[in-house]
Amino acid sequence: MAADDEVAGADAGTLDLRLQPAPDVTVAADSSWGDARPQDVQAVLSSVATVMLRNFPGRRLQPIVVAHSDLYPITLFRHSPNDEYRVFLTAKDRYWARYVYEFAHELSHILSNYDQRKDAATGSQSQWFEEALCEIASLYALKELAAEWEHSPPYPNWAPYAQALESYAENMLKEAHRALPPSMSLAAWFRNAETQLQANPYMRKYNEVAANALLPLFEQTPAIWRAVGYLNISSSGRSFKDYLSAWRNNVPEEYKAPIAQITALFGLSSDESAAPLSEVPTSAAPAEVAND
Ligand SMILES: [Zn+2]
């Protein structure tokens, strides 16, 4: 079977006639979106789903229903009675970039098989990495949609919003807390932060450091997205190194190389486990706790 025909991830083998190449996204048709019309919110979210699913050829998802929440963005473990994914976003009014940012994050949880974590401790110590991947997806989707909306926006008069999406991503990428400290490798940063990352997957400022460091790899290597479709589908040991090993074991041969690259960037390749003393960091950055 050609790679492009494979059904990646946990839904392999599912036969459901509702499953389409781009997921069916339905937005709550109520006034909770402020001055944004539900059909416009739906157009934005469908745009995000289309651009993200291009990287998962053959992947089919259950339909997704999206509603507004004032609390925090979240994708529930429990599906709707109709077996739909249930996603909540805090985005409101016509801040389209915020919708893109939040929905790409939640869609990335779905694509990385977050629901395989619900019954077991599978990878829970390494959930921070899934959160970092979701942040990468948000930045990626903003930049991809910015390029796409310039020539084919959801509505002809929306082309000017392309620049707003681009600026939203660029402003986040420039945030000081996202940069690795000067002269510090991602591997050295990870050794410093590992205990905190394992204890709390929602330290956004930590996850965003990893996201900024890994985004170029995801922009340059489309196969890495396909590999994300195999995350969390088997249990692994407690360490992040074990989690990466389990992920690498689960993917088809052609997706193993980018996972090896990630493993090396974190300094966790077998032949790189002994770090030079000069790389050991001496201080930790402050953390911000968020919930999504
Ligand atoms: Zn998340």
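Start by selecting Leu 186, Trp 189, Ala 193, Gln 196 and Leu 197 in helix 5, which meet Tyr 206, Val 209 and Ala 213 in helix 6 (contact here means C-beta atoms, placed from the backbone, within 7 Å; helices are DSSP runs of H or I, at least four residues, numbered from the N terminus). By class, this contact has 7 nonpolar, 1 polar and no charged residues (Ala, Val, Leu, Ile, Met, Phe, Trp, Tyr, Cys and Pro count as nonpolar, Asp, Glu, Lys and Arg as charged, the others, Gly among them, as polar).

A quick note before moving on: this is a predicted model, where local features need pLDDT of at least 70 and side-chain atom pairs count only at pLDDT 80 or more, while totals for chains, interfaces and linings use all residues. Numbering runs from 1 along each chain as its sequence is written.

Now show all of helix 5 (residues 186–199) and helix 6 (residues 204–220): they pack at about 150 degrees, axes 11 Å apart (axes are lines fitted to C-alpha atoms over the stretch in contact, and angles run from 0 to 180 degrees between N-to-C directions). The pair is therefore roughly antiparallel (an angle over 145 degrees).

Next, click Asn 212 in helix 6. Asn 212 counts as buried, because it has 22 C-beta neighbours inside 10 Å (the cut-off is 20 or more). Asn 212 touches Leu 173, Arg 178 and Ala 179, leaving out residues up to four places away in sequence.

Finally, colour by pLDDT, the predictor's confidence in each residue, from 0 to 100. pLDDT stays under 50 over residues 1–15 and again over residues 272–291.

Methods
Helix = DSSP H or I, 4+ residues; strand = E, 2+ residues; numbered from the N terminus. Parallel < 35°, antiparallel > 145°, perpendicular 65-115°, else oblique. Contact = placed C-beta atoms within 7 Å. Buried ≥ 20, exposed ≤ 12 C-beta atoms within 10 Å, placed from the backbone.
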